Amino acid sequence: MRFDIVVSVAVLLMGMLAAHALSETASSTLAGPESFASIADPEQRSVALFAELGKVLTHPRCVNCHPAGDRPRQGELGRMHQPPVERGPDGHGLKTMRCAICHQGANFEPGRVPGHPEWHLAPREMAWEGKMLGEICAQIKDPARNGGRSLQDLVHHIGTDTLVGWGWAPGFGRQPVPGTQRDAGELAEAWVRTGAVCPTR
Ligand code: HEC
Ligand code: HEC
């Protein structure tokens with residue numbers, strides 16, 4: 001019953017916003033690692049690979065869930081989440097307003113509500129919003145700020161994690177992340193193989 005009410009409110013809000021979301025455009029492809037083979041210097045090649053991967057990392061589908069504050073963002077322009085929700089102690093929301101009240105196990109197309117069984121906010125130390133690509137790079141390499149992951153774990157997470165994968169199948173009215181998740185995993189792997197060098201900015 002409560003979910004029904006929430007969804008009808010959401011449907012109303014979404015009707016107003018969908019047209020706006022659809023009017024946004026962005027590059028929809030990712031270059032494969034082989035496109036960077038002509039860069040002879042491995043350090044420069046590594047930086048170029050990461051810059052390409054940056055099209056994924058800085059995409060609104062990812063940044064909306066890796067925000068600077070305690071509230072998720074929505075849409076192509078990263079506006080504040082409506083209704084107002086907060087991360088709460090575990091990233092799954094406050095006791096009274098859990099993410100899963102609205103975000104189900106899969107996208108709910110009639111209400112245009114995105115979904116995944118593990119839908120919750122990335123921890124504060126994994127915030128990417130408003131950061132330069134070089135800062136994001138340093139941060140996702142740092143086990144103190146990336147959930148204790150090795151570089152190999154990171155490649156695996158980007159290439160296969162299903163919550164990350166939602167970015168390529170975000171449901172009606174949302175721009176998917178460019179390329180495929182597999183492409184992103186391959187870029188991450190090639191970046192690690194070339195020394196995981198970060199851009200300076
Ligand atoms: C629904 C919210 C959500 C979305 C959407 C999302 N993430 Fe995350 N992300 C998380 C959470 C939660 C964690 C922490 C998971 C953990 O540590 O087990 C995380 C962690 C990560 C990490 C590892 C830690 C780090 O260094 O930040 C990477 C990499 C990552 N996400 C990449 C992505 C990419 C790429 C996308 C978009 C294609 C994306 N995420 C979209 C919630 C999200
Ligand atoms: C009361 C219902 C409700 C609750 C609770 C809720 N959401 Fe949402 N959320 C929505 C609806 C509806 C949308 C789709 C609106 C849109 O995209 O414009 C949405 C969209 C989002 C998006 C945007 C996806 C994108 O890239 O456009 C993120 C991120 C998000 N929610 C995260 C969360 C997190 C994290 C929580 C828990 C802390 C949460 N939401 C709790 C209703 C809710």
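Predicted model: local features only at pLDDT ≥ 70, side-chain atom pairs only at ≥ 80, totals over all residues.
Guide: Helices (H or I, at least four residues) and strands (E, at least two) are DSSP runs, numbered from the N terminus. Residues are numbered from 1 along each chain as its sequence is written, and chains are lettered from A and ligands numbered from 1 in the order written.

Visitor: What joins Q82 and P83?

Guide: A cis peptide bond, with omega about -5 degrees.

Visitor: How many helices and strands does the protein chain have?

Guide: Eight helices and four strands. Read from the N terminus, the order is α-α-α-β-β-β-β-α-α-α-α-α.

Visitor: Next, helix length. How far does α8 reach from its first C-alpha to its last?

Guide: The expected span is 1.5 Å times one less than the number of residues. Helix α8 (residues 181-193) has 13 residues and reaches 18 Å, close to the 18 Å expected. For the 16 residues of α2, the end C-alpha atoms are 22 Å apart, which agrees with the 22 Å they should span.

Visitor: Which residues of α8 are buried?

Guide: Buried means 20 or more other C-beta atoms within 10 Å of a residue's own, exposed means 12 or fewer, and partly exposed is in between, with C-beta atoms placed from the backbone. In α8 the buried residues are Q181, D183, A184, E186, L187, A188, A190 and W191. Their cover includes α2, α6 and α7. Helix α2 has its own buried set, including R45, F50, E52 and K55, and what covers it includes α3, α5 (133-141) and α8. Across the protein chain, 27% of the 201 residues are buried.

Visitor: Now backbone angles. What is phi of R112?

Guide: Near 55 degrees, a positive value in a residue other than glycine. R112 sits in the loop between α4 (99-102) and α5, and R112 counts as buried because 20 other C-beta atoms lie within 10 Å. Just after α8, G195 has a positive phi of about 105 degrees. A196, in the segment after α8, is not a glycine, yet its phi is positive at about 50 degrees. A196 has 17 C-beta neighbours inside 10 Å, so it is partly exposed.

Visitor: Which residues does F108 touch?

Guide: A contact needs two C-beta atoms, placed from the backbone, within 7 Å. Leaving out residues up to four places away in sequence, F108 touches V113 and G115. F108 lies in the loop between α4 and α5. F108 and F172 are 64 residues apart in sequence, but their C-alpha atoms are 9.5 Å apart. Among the chain's contacts between residues at least 6 apart in sequence, 62% join residues at least 24 apart.

Visitor: Last one: which residues come nearest to ligand 1?

Guide: A residue is near a molecule if its C-beta atom, placed from the backbone, lies within 6 Å of it. Of the 23 residues around ligand 1, C62, C65, N146, G147 and G167 come nearest. Two or more residues each come from α2 (42-57), α3 (60-63), α6 (151-160) and α7 (162-165), and α6 gives the most, with three.

Visitor: How does that shell split by class?

Guide: Count Ala, Val, Leu, Ile, Met, Phe, Trp, Tyr, Cys and Pro as nonpolar, Asp, Glu, Lys and Arg as charged, and the others, Gly among them, as polar. The shell around ligand 1 then has 15 nonpolar, seven polar and one charged residues.
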